Amino acid sequence: MSTYFRKISANQKVWGAIGGIIITGTVFKVTYFRYCREIMIEQADKSHLTATEHYREAKEFAKWSAKDRAEKRAELPPLTPEQKEQMKAYLQLMQEYHAFNPDSDLDPVTGKPRS
């Protein structure tokens, strides 16, 4: 083996060292990126599980809230003529506000968001 190293020139030794450094760097880089990938996948899984749980809770709350609102609306007495007039006046006021307010994001005629 030692005769083999004596036959290698200095230039070949330098190129061999450079090649060894490149191979070592490549192995390190691949290992490091695989490690980072595993960590990111684990964090994404945890985040997804948390988000899924929050979404499920939000859906349950929305169902409960809709049911609760429907029950409360059913218990309300109908509007009196005076209350209907007050509601009309309020809606007219809001329509005018959105018609003349340049910062309003609602269309004054339809009441839907402006496009």
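Guide: Leu106 sits in the segment after α3 (81–100); helices are DSSP runs of H or I of at least four residues, strands are runs of E of at least two, and both are numbered from the N terminus. This is a predicted model, in which local features need pLDDT of at least 70 and side-chain atom pairs count only at pLDDT 80 or more, while totals for chains, interfaces and linings use all residues. Residues are numbered from 1 along each chain as its sequence is written, and side-chain values use heavy atoms, with hydrogens and water left out.

Leu106 has a relative accessible area of 25%, so it is partly exposed (buried is under 20%, exposed over 50%, partly exposed in between, with a 1.4 Å probe and protein chains only). Beyond its neighbours within four places in sequence, Leu106 is in contact with His98, Gly111, Lys112, Pro113 and Arg114, contact being heavy atoms within 4.5 Å. Between the C-alpha atoms of Leu106 and Gln95, eleven residues apart along the chain, the separation is 9.1 Å.

As for the whole chain, the protein has three helices and zero strands. Its radius of gyration is 36 Å, well over the 13 Å that the globule rule gives for 115 residues, so the protein is more spread out than a compact globule; the radius is taken over C-alpha atoms, and the rule is 2.2 Å times the number of residues to the power 0.38. The C-alpha atoms fill a box of roughly 110 × 35 × 15 Å along the principal axes. Of the 115 residues, 4% count as buried.
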